[in-house]
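Please open the structure in your viewer and keep the selection tool at hand.

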Amino acid sequence: MSNTASPATATAGRVPRLGGRDRESRWTPYLFIAPVALYLAVFQGYPLISEFILSFQQSSLLAPQDARFVGLRNYHDLASSSDFASVLWTTLIYTIACVVFAISLGLGAALLLDRPFRGRGLARALVTVPWAAPPVAVATIFAWMLNAQYGIFNHVLKLMDLEIGYESWLDNPKLALPAVLFTTVWQIFPFSSVVLLAALQGVSEEVREAAQMDGADRFSIFKVAVWPTIQPTVALLALFVTIWSLRRFDLIWVMTQGGPIGATKTLVIELYTRGFVARELGEAAAVGMIGLTIALVVTFVYFWYTQRTERAQGRR
Amino acid sequence: MKTPASHALRMALIMVLLSAALFPIYWMVVTSLTSSANLFADRPQMVPDPAQAFNYAETFAKTGVLLWLKNSAIVAIGTMVLSILLAILPAYALSRFRFHGKGVLGFVLFATQMLPEAMLVVPLYAIFAKLLLLDTLGGLILANAAFTVPVITWILKGAIDGVPLEIEEAARIDGCSRLDIVLGIVLPIVAPTLAAASVIAFFHGWNEYVFAQTLILSQELRTASVGLASFVGELSTPIHTVMAIGVMYTLPAVAFYLMVQRYVVAGMTAGSVKG
């Protein structure tokens, strides 16, 4: 490392945290981040910019060298397509349902596993097993369990004598999305529960006990003592579950490939289908850009919301 | 509050929760050890039948499952090693230095979480073709680690934030370079978090599907995720064979996870719950 920085710039400059020896220059931070910056630029930045440009082109997977610029036509085509409107609708339902069910189920599990009982450590470990299972394997096993004729789900429903009969869950346009959602929530709720369990450690015993003394019921105790503590974590979880749901591919693709008749086609499935099945790379890129815009908007809403709550709490 | 009745209710709910969490894995094992006749019986066989263990031998013989698992292990370990190597220095820089573009770097690291693999795969394919990375496990590792490096950088930064500055200052006075400090002093202190981050990267590589499906062309370089997915909707392979592959792909991962979950949970939540 060069020794170009004078003592004066070192104290006033970029690396003032540690005093003492002056062997490192103000370039040290940049040397530290250079490898990762270069790496991400090649494997994330460049592909992203290519996709952005591609979204204004017509380009076929079969002859990408013949790409030509078409302006906003890909976006215009998507905006005027009713199929794409239903893709957005499916994505919206899928994402919101993932957030609501994964977090509420995760919170329920966390509350159950919070207080001490015999075997708590084991129970906490076992409840996270779905999260450790590979999504492709999860999709495979759930597709088999949901099988119309031989699946265990329908067998149990029959035993319970429900009037549902032999539903072919993944072939029925009305049932496929709920089935995929059910599978997704099974896979991801442990993540919420692990994170919320950690957040619950911050709940003040005094506030909890004071509420208990006042004869508050469980729900009031939750509202007064628990919710204010875990609320920032819930908001952060909602952000992550949203972003992950917007980009989830493997589980949905292996279960249904977006079918039947587009019933489980979220943005990423649509992107993949347009790119690799219809081989229209420009349209696929436009779909990707729209998905990315939605993710960015959600992120900004999150930051706006957390800052507003922090300010409100500061005022109190 | 702690009446026996409410305690019993709570334990019952916990049992329901654990059964729901574990049943699909159990069912995969049961199905893999079910005879062809029983697969399609009116009353499903509810417990595994050890006499059907030969099904696994047949699965080894008839499919490339061992090769797929080996490839997945190579990709997972490679993703893990590369992610850790790349993440250490930027994590330290984000935690300890003030520099121009720090906020931008933080945002870029977060933004990578929004990019779907399926979106980047077309341009990546073109880059890979130019760099001769197409159809190589090394290329797959490079593509995967681009998604894990940001997460791991973030987690490690959280851990390094918790290391007292005084420890570093003492070493600085003794004449250690910054790199010595990072590798010799800070890293050992954050070793538990490093272990957690390694596990997260390993799982990403083990699970990954889109890149493995598109950037790998040869049969003999297939990973287990692609191998398993290739049977879905394909009717000529009996379901107990598919489930045997699923078991071999899932159970080692779950067992490994259960062994290390204590560290993973501690390391992960240390980074994520603070804010």
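Begin by selecting chain B, where buried residues make up 48% of the 275 residues; a residue is buried if 20 or more other C-beta atoms, placed from the backbone, lie within 10 Å of its own, exposed if 12 or fewer do, and partly exposed in between. The model is a predicted one, in which local features need pLDDT of at least 70 and side-chain atom pairs count only at pLDDT 80 or more, while totals for chains, interfaces and linings use all residues. Residues are numbered from 1 along each chain as its sequence is written, and chains are lettered from A and ligands numbered from 1 in the order in which they are written.

With chain B still selected, display its secondary structure: there are 13 helices and zero strands. Helices (H or I, at least four residues) and strands (E, at least two) are DSSP runs, numbered from the N terminus. Along the principal axes, the C-alpha atoms of chain B fill a box of roughly 75 × 65 × 30 Å.

Next, colour chain B by domain, with residues 1-61 as domain 1 and residues 63-272 as domain 2; these bounds come from an automatic or database domain assignment. Twelve residues from domain 1 of chain B and 14 residues from domain 2 of chain B take part in the contact between them, two residues being in contact if their C-beta atoms, placed from the backbone, lie within 7 Å. On the side of domain 1 of chain B that touches domain 2 of chain B, α1(B) gives the largest share, five residues.

Now select A76(B), which lies in helix α4 (residues 65-96) of chain B. Is A76(B) buried or exposed? A76(B) is buried because 24 other C-beta atoms lie within 10 Å. Leaving aside neighbours within four places in sequence, A76(B) is in contact with F202(B), G205(B) and W206(B).

Move on to I152(B). Beyond its neighbours within four places in sequence, I152(B) is in contact with S83(B), I84(B), A87(B), A197(B), I200(B) and A201(B). I152(B) is also one of the residues that touch the most other members of the 164-residue largest nonpolar core, together with M255(A), Y92(B) and L156(B). A nonpolar core is a set of buried Ala, Val, Leu, Ile, Met, Phe, Trp, Tyr and Cys residues joined through C-beta atoms within 7 Å.

Finally, show both chains: 71 residues of chain A are in contact with 75 residues of chain B. Helix α2 (residues 28-54) of chain A gives the most to the side of chain A that touches chain B, with 16 residues.
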